Number of protein chains: 2
Amino acid sequence: MNGAESLVHTLIACGIDTVFANPGTSEMHFVAALDRIPGINCVLCLDETVASGAADAFWRINRRPAATLLHCGPGLANALANLHNARRGRSGIVNIVGDQATDHRPLDAPLTADTEGWARSVSGFLRTATHAATVGRDAADAVAAARTGTIATLILPADTAWTAGGVPGAPIKDLARPIPDPATIADVAAILRSGEPAMLLLGGRTLNDASLRQATALAAATGAKILAEVFNARMERGQGRPPIERIPYPIDAAIAALAGIRHLILVEAKPPVGFFAYPGKPGPLWPPDGTVHTLATIDQNGSAALAALTALLEVPPIPIVPTPRPAPDTGKIAPEAVATSLAALLPADSIVIDEGISFGRGFSRFTHGAAPHLWLQVPGGAIGGGLPMAIGAGVAVAGSGRRVVAIQADGSAMYSIAALWTAARRQLDVTVIILANRKYAILLHEYAGVGANPGRTAMDMLDLGNPDLDFVKLAAGMGVAGAQATTMAALNELLTASFERKGPFLIELLTI
Amino acid sequence: MNGAESLVHTLIACGIDTVFANPGTSEMHFVAALDRIPGINCVLCLDETVASGAADAFWRINRRPAATLLHCGPGLANALANLHNARRGRSGIVNIVGDQATDHRPLDAPLTADTEGWARSVSGFLRTATHAATVGRDAADAVAAARTGTIATLILPADTAWTAGGVPGAPIKDLARPIPDPATIADVAAILRSGEPAMLLLGGRTLNDASLRQATALAAATGAKILAEVFNARMERGQGRPPIERIPYPIDAAIAALAGIRHLILVEAKPPVGFFAYPGKPGPLWPPDGTVHTLATIDQNGSAALAALTALLEVPPIPIVPTPRPAPDTGKIAPEAVATSLAALLPADSIVIDEGISFGRGFSRFTHGAAPHLWLQVPGGAIGGGLPMAIGAGVAVAGSGRRVVAIQADGSAMYSIAALWTAARRQLDVTVIILANRKYAILLHEYAGVGANPGRTAMDMLDLGNPDLDFVKLAAGMGVAGAQATTMAALNELLTASFERKGPFLIELLTI
């Protein structure tokens with residue numbers, strides 16, 4: 001057994017069944033081992049940003065890691081943007097990154113790069129394998145780390161893969177996430193009892209139906225407000241679930257949403273700050289005279305903390321009044337109309353991937369009445385996460401009948417458009433709605449904040465017209481069927497049809 | 001004058017006239033300054049890998065740097081693969097990378113990332129601006145560094161751009177590249193006089209007509225052989241120029257090419273090693289009993305060293321017999337046939353961008369009879385360099401009537417396919433020849449070296465069919481006209497037509 005084979009055996013034993021792959025020469029022995037040893041579903045992605053974004057979404061749906069197979073150096077670099085998003089969303093991923101053979105690395109061949117250096121800041125676990133005999137143990141350690149919700153990067157010099165003497169590593173038992181201590185629960189209970197203006201800020205894994213119900217009940221009993229973080233890895237939403245809103249993205253609206261709060265209570269959330277800084281505006285979003293408390297850190301079990309708090313305060317469950325499911329909107333194309341149609345037509349148990357940026361920003365507010373679904377955002381704000389996440393979600397739910405709906409801004413789509421090909425190859429049940437406003441609308445808004453009208457040079461950098469992108473043709477070039485919609489009626493029809501068929505479909509919605 | 005304005009004034013004063021841009025929110029004040037202060041051609045790229053690859057090619061043609069405008073953190077990360085290529089090719093680039101405002105960075109907003117850490121290993125110059133008042137000086141230092149042929153990365157926290165008090169930096173005088181000392185020249189002269197088997201290995205900036213003629217004359221006079229490095233940033237080639245060959249890429253052929261050499265003399269070249277390591281094969285390509293000598297290091301002026309060596313050895317110029325220009329090939333589609341047609345039809349002073357990978361690997365050997373041209377490769381081996389380089393080359397020669405011809409493998413094209421849009425927007429005179437073998441042919445070859453036939457799982461990761469990519473549709477989706485060729489006659493016709501028209505054109509050549 002060579003090192004690569006021990007690695008594959010270890011991954012399988014540790015519960016890895018999916019690899020999002022973009023291999024290169026230095027990974028050929030690993031590819032050969034994956035070929036020889038059955039048990040892993042290898043999903044080819046046409047570039048590494050697709051592989052890492054897909055692995056991110058796979059975790060968010062399954063709560064267990066997939067692996068990526070990345071080429072050395074620049075291959076890993078191409079994956080970094082979506083690894084950044086995964087890190088911010090606290091997804092677990094096992095990156096297997098090829099590298100020059102140990103003795104070859106000092107020769108500084110052209111493709112040699114600082115693979116470790118590039119991987120470091122996104123990786124909670126980072127190790128370069130040194131011998132075939134220990135690759136198995138390295139892999140078991142990597143999976144164990146990833147299972148806690150971090151990115152585990154194992155760099156695999158080619159010789160550690162091809163050399164004989166591999167030994168499979170034994171799976172390592174999962175550690176439970178720590179629960180906040182009773183004193184912390186009691187402190188927060190006292191704050192809520194005080195009647196002073198308080199807000200529960202929910203993040204991480206607390207955005208599930210049960211925890212949201214407890215938070216809603218706590219709020220009803222104590223007068224506290226509830227918000228979720230601005231961008232969330234995963235939220236259970238839809239009809240019958242508590243309709244929680246998020247901190248708005250625009251800085252002024254975000255500050256307004258937290259105005260008057262005396263006690264900000266974090267539950268697997270970070271102290272909320274502006275996505276960017278703006279001249280003369282504060283960085284922290286809570287009032288200067290407010291106090292921040294932590295019910296559960298981002299590494300703790302916030303759901304258990306909410307349950308304990310509910311018990312301590314003896315707060316009874318309250319009924320959630322289902323938001324009515326709307327009819328499809330047939331008016332003018334506008335954000336509320338599109339969101340309304342989505343709420344009307346979304347199949348139950350769908351996965352919504354939200355990289356809607358400016359046009360799609362308000363969609364979540366108008367979709368509380370949709371059939372129950374998961375809503376996944378881009379927690380790190382790195383552009384181009386949407387389509388790769390749609391691939392990972394599609395693979396995660398393949399064969400289950402569940403539909404993935406990607407709400408995708410046009411400019412952002414072009415960072416990872418090659419993702420569509422994998423949707424076609426795997427015939428994933430993914431509907432992509434391209435919101436085609438043919439500009440970087442978010443930047444035009446930000447530019448206005450700079451206090452100037454954009455001239456020709458600025459518009460050249462903010463406008464996506466000249467020529468217009470044709471996403472239906474782009475999709476066709478990768479084997480994905482699609483159609484353009486220029487009316488709400490057409491959108492409704494295409495959504496309905498795509499939800500009834502198998503496989504991927506792309507709708508280019510002209511929003512201008 | 002704010003910091004961003006001082007930055008733009010400094011860039012212009014230091015000779016920067018082109019910015020390949022993919023801006024984000026944190027760069028809006030820089031965009032506004034570019035808008036207000038005329039003098040810089042801002043070329044929008046739909047992702048950062050296009051911007052960095054374009055800047056790389058711009059340098060190689062103009063021998064002066066362009067700037068990139070990259071978004072913070074993940075934006076820079078997306079540019080790394082092509083910055084790796086640029087570093088290996090010793091291109092000068094000025095990266096202006098936005099970042100969180102200085103006081104905002106410690107708040108760890110979602111998009112905050114280790115921008116410096118990611119930039120470090122590709123950057124010969126790396127600095128994070130600290131104050132608006134010193135941004136101008138920072139930029140002058142960055143340009144000065146880039147002009148020496150290195151990547152200069154200036155990270156621009158948003159507050160250093162928007163704050164008043166900017167002061168333009170004064171341009172810094174260029175330093176000449178050092179010339180090897182006379183003793184080194186004399187040592188190499190003695191080796192060449194000895195009559196022992198010797199080889200001049202040429203790299204860097206020595207691959208120009210004058211230096212190649214001197215090297216050819218030296219070889220004729222002394223019996224030494226000549227080769228260029230395996231992948232070169234820029235080579236002056238074509239009819240009437242010395243037909244220099246390169247070290248072959250496949251490991252066995254590479255070792256054979258250097259067999260019997262007693263003295264390997266490096267001229268702006270690195271000691272040649274295998275692109276990758278293979279079990280049981282050596283890393284260094286020269287014979288174990290051979291000696292490596294350095295006529296000029298990669299940072300020295302190898303052309304001056306060759307001239308000095310020629311003078312010392314009193315070697316007279318020799319005539320170069322022009323390789324006959326072939327007729328277009330009308331036989332079966334095969335690498336030699338395609339290269340022959342290219343040699344027949346290539347317009348004079350063209351720029352050839354070579355990311356032909358496996359099918360295109362031998363093209364250079366059959367194009368010595370083409371009209372004089374520049375040939376640019378991917379020196380770092382990071383996949384996806386070709387199309388971005390074609391954009392940069394197209395911008396570098398825009399309006400001159402010179403044609404850019406991109407020889408582009410299909411798999412590699414998908415890493416940076418969004419480049420085509422910029423070709424359409426700018427109506428660049430770029431002809432893209434997609435070599436569509438619908439597989440990762442190079443990896444199938446490498447896989448065979450592992451000693452196994454690929455099974456279903458391996459083929460799933462090495463084959464690009466199912467579905468076939470349609471590059472004509474992909475191009476159309478980005479506003480680039482194109483056509484498929486399935487015969488040499490059709491290829492010849494399409495090449496001829498594309499060379500006669502203005503603007504971009506894509507030919508998908510089915511090579512299977």
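Colleague: Is strand S6 of chain A, residues 151-157, mostly covered or mostly open, and how many of its residues are buried?

Modeller: In this predicted model, S6(A) is mostly covered, with seven of its seven residues buried. Buried takes 20 or more other C-beta atoms within 10 Å of a residue's own, with C-beta atoms placed from the backbone. Strands are DSSP E runs of at least two residues, and helices are H or I runs of at least four, numbered from the N terminus. Residues count from 1 along each chain as its sequence is written, and chains are lettered from A in the order in which they are written. Local features need pLDDT of at least 70.

Colleague: Which residues of S6(A) point which way?

Modeller: In a regular strand the side chains alternate between the two faces of the sheet. Here Ile151(A), Thr153(A), Ile155(A) and Pro157(A) point one way. Ala152(A), Leu154(A) and Leu156(A) point the other way.

Colleague: Which strand is joined to S6(A) by seven bridges?

Modeller: Strand S4 of chain A, residues 93-99, runs parallel to S6(A). Pairing needs at least two DSSP bridges. Val94(A) has Ala152(A) as its bridge partner. Strand S5 of chain A, residues 125-128, is also parallel to S6(A), with four bridges. There, Thr128(A) stands opposite Ile155(A).

Colleague: How do I read the packing of two helices?

Modeller: Two packed helices are described by the angle between their axes and the distance between the axes. For H1(A), residues 3-13, and H2(A), residues 28-36, the axes come within 8 Å and cross at roughly 50 degrees. Axes are lines fitted to C-alpha atoms over the stretch in contact, and angles run from 0 to 180 degrees between N-to-C directions.

Technical notes. Predicted model: local features only at pLDDT ≥ 70, side-chain atom pairs only at ≥ 80, totals over all residues. Buried ≥ 20, exposed ≤ 12 C-beta atoms within 10 Å, placed from the backbone.
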